[in-house]
Amino acid sequence: MELILRIRDYKYPLIITGLAILIVITTLISLSVGAVGIPLKEATIILLKNIGLFSHFPVDEVYEVVMNTIRLPRVIMTLLIGAALGISGASLQGLFRNPLVEPGLIGVSGGSAAAVVIAIVFGSSMATTLPVWIYNSFISIVAFGGGCLATFFVLRLSIEGGRTNIAVLILIGVAVNALTGALIGLAIFYADENQISTFMFWTLGDLGGATWDKLRMAAPLLLVSTVGLMFFSNTLNVLALGEADAYHLGVNTEQVKRLVIFLAALAVGVSVSLAGIIGFIGLIVPHLIRTVFHADNSLVLPASAFGGALLLLISDIISRTIVSPAELPIGVVTALIGAPFFIMLLYKAKQKREL
Amino acid sequence: MYEAIDISLKAGERFIVKNVNLAITPGTFLAVVGPNGAGKSSLLKVLSHEQQRYSGSVQVNGMAIRSYTPKSLSLIRAVMPQHSYLQFAFSVEQVIRLARQAHRSAKAVNDLIVEEVLEVTGMQKFRDRNYLTLSGGEQQRVQLARVLAQVWEETVYPRYILLDEPTSNMDIAQQQFMFNLVKNICPRNIGVMAIVHDVNLAIQYADNICMMRNGEVIDSGKSFDVFTKTNIEKTFCCKVNIYHDPCNNCPFVIPEAEISSMPKIAINK
């Protein structure tokens with residue numbers, strides 16, 4: 001522990017660069033594996049062709065179509081969602097000064113899930129009357145709306161006398177999650193088997209629905225929220241001292257709380273609406289970074305974004321290949337890799353402290 | 001000057017602080033003493049502007065405290081709380097560096113300030129230690145170093161430090177070290193207010209005393225004038241004897257031991 005603390009600021013870029021290199025390698029692997037295997041060399045060339053390099057190089061047309069219409073949007077979406085989930089978890093943990101917080105706490109995921117199941121069960125007949133472009137992303141829009149609504153409630157109810165009371169916020173978050181859980185149960189009670197399986201599949205997360213159209217809408221929102229949260233690293237460090245101390249040190253705590261919660265809700269809401277509920281990334285990645293490297297948020301925030309992207313991408317590769325041609329739900333994979341690794345890490349950290 | 005003018009603070013119908021007037025003069029050390037629940041910490045929260053729902057006014061360097069932004073206020077006054085809520089494994093140096101967050105000074109300036117406060121608080125050896133693994137007294141020293149770093153630079157305007165029981169976890173040697181340090185930084189155009197539990201520490205180091213009970217100021221003024229037998233007995237509800245300490249050339253207060261049997265428990269069976 002003491003040794004880890006000695007890693008000073010100048011090592012931070014090194015850690016981030018290392019993660020970035022791993023992401024590039026994993027991206028290439030992810031692009032090449034699947035039902036149609038594309039050799040790494042071809043995958044690299046097609047990727048470079050997209051940014052205008054090697055345009056004279058001949059490559060198999062099938063490879064190019066598979067890459068550009070299926071795999072590339074999926075990989076990009078996976079990276080963006082992983083980064084958004086990782087950094088939202090890290091910044092909410094920093095904001096609440098509690099390493100056990102995960103993005104679901106502010107009600108986003110619960111609200112989304114409740115809205116989606118209600119829409120699946122009661123709204124499917126209504127949805128067919130909607131214009132096609134809305135119908136195609138009906139679930140996404142409903143999920144996003146439900147997530148925002150729940151977060152708005154949690155946030156609104158926890159403001160007392162113009163100040164956001166974090167303890168109240170956590171309690172209301174728990175209550176809202178219980179309520180959305182009840183709504184989900186109620187909807188499932190009235191659902192037929194088909195609807196239940198649609199919902200179950202959605203809850204476990206699915207990255208397979210990635211298209212360039214969806215990305216065009218979602219990517220800017222994910223990028224804005226992820227990059228926006230990175231600007232809060234210093235402020236969150238000061239907030240680690242406690243809200244009163246942060247105020248004494250010149251932080252406008254109220255503004256910071258609302259902005260961070262808004263950006264995190266945006267990031268998670270968009271992610272959930274694209275790929276369903278993907279648990280664990282937001283909780284585990286910031287923890288890994290803190291345990292392995294350092295608790296300084298100017299490292300934890302960017303590294304959680306990079307680490308989240310990496311972990312989700314690796315999970316996606318596994319989910320696509322392990323039971324090919326079927327796909328395991330992504331949420332199952334993230335938890336299956338994440339949980340044991342996490343337990344091992346905590347166990348090691350505990351042993352070290354005891355020595 | 002850091003002035004509290006006719007401050008009252010209520011919790012429901014009960015006054016926690018009632019019509020309190022108080023001034024911190026740059027270059028001097030003001031100790032606030034009083035029994036538990038006298039409203040000392042609440043008054044400090046009003047002065048630091050953490051608690052904003054009070055009546056009366058607080059003036060900082062001639063301007064109403066409400067007209068400052070959190071950032072501009074943080075350049076003038078630093079606060080050391082009673083408890084620290086840090087949960088993450090920050091190093092001592094990092095904790096101190098957080099104090100420089102609002103100042104837009106060059107890295108070299110910040111580095112120098114961090115070195116200086118580490119030196120004056122004697123925490124150089126601890127700089128890379130995990131804050132969470134320090135003892136209570138050591139943590140308080142780090143917190144003081146952080147508070148000092150916030151207002152360390154010489155400026156044209158006076159700065160202020162508000163301390164809430166800064167030595168509550170310290171042994172007697174550390175207590176003397178801390179109060180001596182606090183007293184020695186006053187000449188840097190800094191006004192200090194500290195809530196102090198140990199009456200004798202307050203007598204040894206404070207220039208001015210404010211004695212509080214039940215939210216009201218009982219007496220305030222020069223240290224030796226305020227610490228009279230009647231004042232102390234009235235404020236603390238405790239019999240004391242005051243002697244002269246020839247070594248420090250100041251009075252010292254010793255409470256009379258209360259050796260009696262336990263009060264009878266009167267419960268009707």
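Reader: Which strand of chain B is Arg159(B) found in?
Author: Arg159(B) sits in strand E7 of chain B, residues 159-164. Keep in mind that this is a predicted model.

Reader: Noted. Is Arg159(B) buried or exposed?
Author: Buried. Arg159(B) has 24 other C-beta atoms within 10 Å, and 20 or more is the cut-off for buried.

Reader: What does Arg159(B) touch, not counting residues up to four places away in sequence?
Author: Arg159(B) touches Ile76(B), Arg77(B), Val151(B), Asn189(B) and Ile190(B).

Reader: And how far is Arg159(B) from His197(B) in space?
Author: 24 Å, C-alpha to C-alpha. In sequence, Arg159(B) and His197(B) are 38 residues apart.

Reader: New residue. Where is Asp207(B) placed?
Author: In a loop of chain B. Helix H7 (199-205) lies on one side of that loop and strand E9 (208-213) on the other.

Reader: How many C-beta neighbours does Asp207(B) have inside 10 Å?
Author: Asp207(B) has 15, so it counts as partly exposed. Partly exposed falls between the exposed limit of 12 or fewer and the buried limit of 20 or more.

Reader: Which residues is Asp207(B) in contact with, leaving aside neighbours within four places in sequence?
Author: Thr28(B), Phe29(B), Leu30(B) and Ser223(B). Take Ser223(B): it is 16 residues from Asp207(B) in sequence, and their C-alpha atoms are 5.8 Å apart.

Reader: Zoom out. What is the secondary structure of chain B?
Author: Chain B has 9 helices and 12 strands. Its radius of gyration is 20 Å, close to the 18 Å that the globule rule gives for 269 residues, so chain B is as compact as a globular protein of that length.

Reader: What does the C-alpha trace of chain B span along its principal axes?
Author: About 65 × 50 × 40 Å.

Reader: How much of chain B counts as buried?
Author: 40% of its 269 residues. On contacts with a separation of 6 or more, 64% in chain B come from residues 24 or more positions apart.

Reader: Now chain A. How many helices and strands?
Author: 17 helices and 2 strands in chain A.

Reader: What box do the C-alpha atoms of chain A fill?
Author: Roughly 60 × 55 × 40 Å, along the principal axes. Buried residues make up 48% of chain A. Of the contacts in chain A with a separation of 6 or more, 78% are between residues 24 or more positions apart.

Reader: Let's look at helix packing. At what angle do H4(A) and H11(A) cross?
Author: Roughly 30 degrees, with the axes coming within 9 Å. H4(A) covers residues 61-96 and H11(A) covers 212-230. Angles under 35 degrees count as roughly parallel, so H4(A) is roughly parallel to H11(A). The crossing is left-handed.

Reader: Which residues meet there, in H4(A) and H11(A)?
Author: From H4(A), they include Pro73(A), Ile76(A), Leu80(A) and Ile87(A). From H11(A), Trp212(A), Leu215(A) and Leu222(A) are among them. By class, this contact has 14 nonpolar, 4 polar and no charged residues.

Reader: And what about H15(A) and H16(A), how do their axes cross?
Author: At roughly 125 degrees, and they come within 9 Å. H15(A) is residues 281-292 and H16(A) is residues 297-321. That angle makes H15(A) oblique to H16(A). H15(A) passes H16(A) in a right-handed crossing.

Reader: Which residues of H15(A) meet H16(A)?
Author: Ile281(A), Val285(A), Pro286(A), Leu288(A), Ile289(A) and Arg290(A). Facing them in H16(A) are residues including Leu299(A), Ala303(A), Gly307(A) and Leu311(A). The residues of this contact divide into 10 nonpolar, 3 polar and 1 charged.

Reader: Last topic, the interface. How many residues of chain B are in contact with chain A?
Author: 25 residues of chain B, against 24 of chain A. H2(B), residues 70-74, and strand E6 of chain B, residues 77-80, each supply at least two residues of chain B's side.

Reader: Which element gives the most to that side of chain B?
Author: H2(B), with 3 residues. The side of chain B that touches chain A has 12 nonpolar, 9 polar and 4 charged residues.

Notes
Residues are numbered from 1 along each chain as its sequence is written. Chains are lettered from A and ligands numbered from 1 in the order in which they are written. This is a predicted model: local features need pLDDT of at least 70, side-chain atom pairs count only at pLDDT 80 or more; totals for chains, interfaces and linings use all residues. Axes are lines fitted to C-alpha atoms, for helices over the stretch in contact, and angles run from 0 to 180 degrees between N-to-C directions. Helices (H or I, at least four residues) and strands (E, at least two) are DSSP runs, numbered from the N terminus. Angles under 35 degrees count as roughly parallel, over 145 as roughly antiparallel, 65 to 115 as roughly perpendicular and the rest as oblique. A crossing is left-handed if the near helix is turned anticlockwise from the far one by less than a right angle, and right-handed if clockwise. Two residues are in contact if their C-beta atoms, placed from the backbone, lie within 7 Å. Ala, Val, Leu, Ile, Met, Phe, Trp, Tyr, Cys and Pro count as nonpolar, Asp, Glu, Lys and Arg as charged, and the others, Gly among them, as polar. The radius of gyration is taken over C-alpha atoms; the globule rule is 2.2 Å times the number of residues to the power 0.38.
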